[in-house]
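Good morning, and thank you for coming.

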Amino acid sequence: MSNEAVVDEAGRPIAMVEGLPGVVSDWSSDQRAFKRVPWGKAMMWIFLLSDTFIFSIFLTSYMTVRMTTTVPWPNTSEVFALTVFGEHIPLILIAIMTFILISSSGTMAMAVKFGYEKKRKITTYLILATALFGASFVGMQVFEWSKLIFEEGVRPWGNPMGSAQFGAAFFMITGFHGFHVSVGVVLLLIVARKVWTGDLENMRPGFFTGRKGGYEIVEIVGLYWHFVDLVWVFIFAFFYLW
Amino acid sequence: MSEATAEVQEHPIAIYFWVWGLLFVLSAMSYMVDYMQFQGYLRWSLILLFMFLKAGFIIAFFMHMRYERLALACAILIPTGCLLVLIGLMSFEANHTYDTRGAYLDAGPGIMVVQESEKPH
């Protein structure tokens, strides 16, 4: 884990430099550039960087179609409004989804902490709570999609409210995000099982890759989960609020 | 350096509750921007401000970037900046497309006056 001493081939500790000279020294060093990070965590970060580019391309193309259309863009505040108990509230479902995803990030961050402390029970519960939040998020998204498709008549090629590009941007961006959440829920359930059965504590090989992993696995799946939350922050701002 | 590494294992749980609460407050505030129907530059700057604050807190604390070595933070965060070039180029292009559509496609509300220099030769 992260605070073991970094050693060279002969087992001698390597002097760690801080600040910008540290960046130069890490990147030019022998064997590994990302020190004090398990390889899986570095790889997850690099995957997330590539995923950032994918989502950014979606959001940028959304920006482009929205800037180029001469037809007014549908008012998202109204499109995503719900009438709850006779009360007309704009964007309410999206707000609830936002709070749910943030809460799932909170429980995930704590699961990582308790994982490193080897508290198996509470770690499992927190991961399961995260998965439950995630699943309810996807459920609300299904509700949102079906309302838009069946009641409002939104299609990828047009809609009654305004610019034809609205549907394409909406289904592509939220669909890809929802897919990420769904994959995340599956990953969380797998990791929760590994924590519960003690696979991580005893470094038992995984069923899929056969690699041994400790509690850094919880942090790695946590990184993915926080990233899903992070993407939602941008979707919420650019697609729903703009 | 040792203090930074010791922190990785032992974060007090309070910090997560604080960040959690802060994210709730920031989300509520960005929702209020819509609810109160702020418009124009006020709306956009508030949305962007809350968005970047939320993103920053998630990356720094939940994703532990604050506790990582600078070499990793640079490798992940600096390439993201390239996206600004993409966004900049696409918005230039989009403005041009919008102007052209306004001038040639329809005479709707989006019509623009085509400047002499922008006319096709």
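Two residues are said here to be in contact if their C-beta atoms, placed from the backbone, lie within 7 Å. Please also keep in mind that this is a predicted model. With that rule, the contact between the chains takes 47 residues from chain A and 49 residues from chain B. On the side of chain A that touches chain B, the elements giving two or more residues are α1 (19–27), α2 (39–68), α4 and α7 of chain A. Sorted by class, that side has 26 nonpolar, 15 polar and six charged residues.

Let me now turn to chain A as a whole. Chain A contains seven helices and two strands, and along the sequence they follow the pattern α-α-α-β-β-α-α-α-α. Taken along the principal axes, the C-alpha atoms of chain A fill a box of roughly 70 × 40 × 30 Å. Chain A has 242 residues, of which 37% count as buried. Among the contacts in chain A with a separation of 6 or more, 66% come from residues 24 or more positions apart.

I return to the place where the chains meet, with one pair of helices. How do α1(A) and α4(B) lie relative to each other? Helix α4 of chain B covers residues 70–80, and α1(A) packs against α4(B) at an angle of about 80 degrees, with the axes 8 Å apart. Angles of 65 to 115 degrees count as roughly perpendicular, and α1(A) and α4(B) are therefore roughly perpendicular to each other. From α1(A), the residues making this contact are A:G19, A:G22, A:V23, A:D26 and A:W27, while α4(B) brings B:L70, B:A71 and B:C74. By class, the contact of α1(A) with α4(B) has five nonpolar, two polar and one charged residues.

My last subject is helix α2 of chain B, residues 14–35. This helix has 22 residues and reaches 31 Å from its first C-alpha to its last, close to the 32 Å expected at 1.5 Å a residue. Buried in α2(B) are B:Y16, B:V19, B:W20, B:L23, B:S30, B:Y31, B:V33 and B:D34. Seen down the axis of α2(B), these buried residues fall within an arc of 145 degrees, so they line one face of the helix. On the other side of α2(B), B:A14 and B:G21 are exposed.

What covers the buried residues of α2(B)? The cover includes α3 (76–79), α4 (92–116) and α7 (216–241) of chain A, together with α3 (40–62) of chain B. Finally, α2(B) is followed by B:Q37, whose phi is positive, near 55 degrees.

Methods
Residues are numbered from 1 along each chain as its sequence is written. Chains are lettered from A and ligands numbered from 1 in the order in which they are written. This is a predicted model: local features need pLDDT of at least 70, side-chain atom pairs count only at pLDDT 80 or more; totals for chains, interfaces and linings use all residues. Helices (H or I, at least four residues) and strands (E, at least two) are DSSP runs, numbered from the N terminus. The expected span of a helix is 1.5 Å times one less than its number of residues. A residue is buried if 20 or more other C-beta atoms lie within 10 Å of its own, exposed if 12 or fewer, and partly exposed in between; C-beta atoms are placed from the backbone. The arc is that of the directions from the helix axis to the C-beta atoms. Ala, Val, Leu, Ile, Met, Phe, Trp, Tyr, Cys and Pro count as nonpolar, Asp, Glu, Lys and Arg as charged, and the others, Gly among them, as polar. Axes are lines fitted to C-alpha atoms, for helices over the stretch in contact, and angles run from 0 to 180 degrees between N-to-C directions. Angles under 35 degrees count as roughly parallel, over 145 as roughly antiparallel, 65 to 115 as roughly perpendicular and the rest as oblique.
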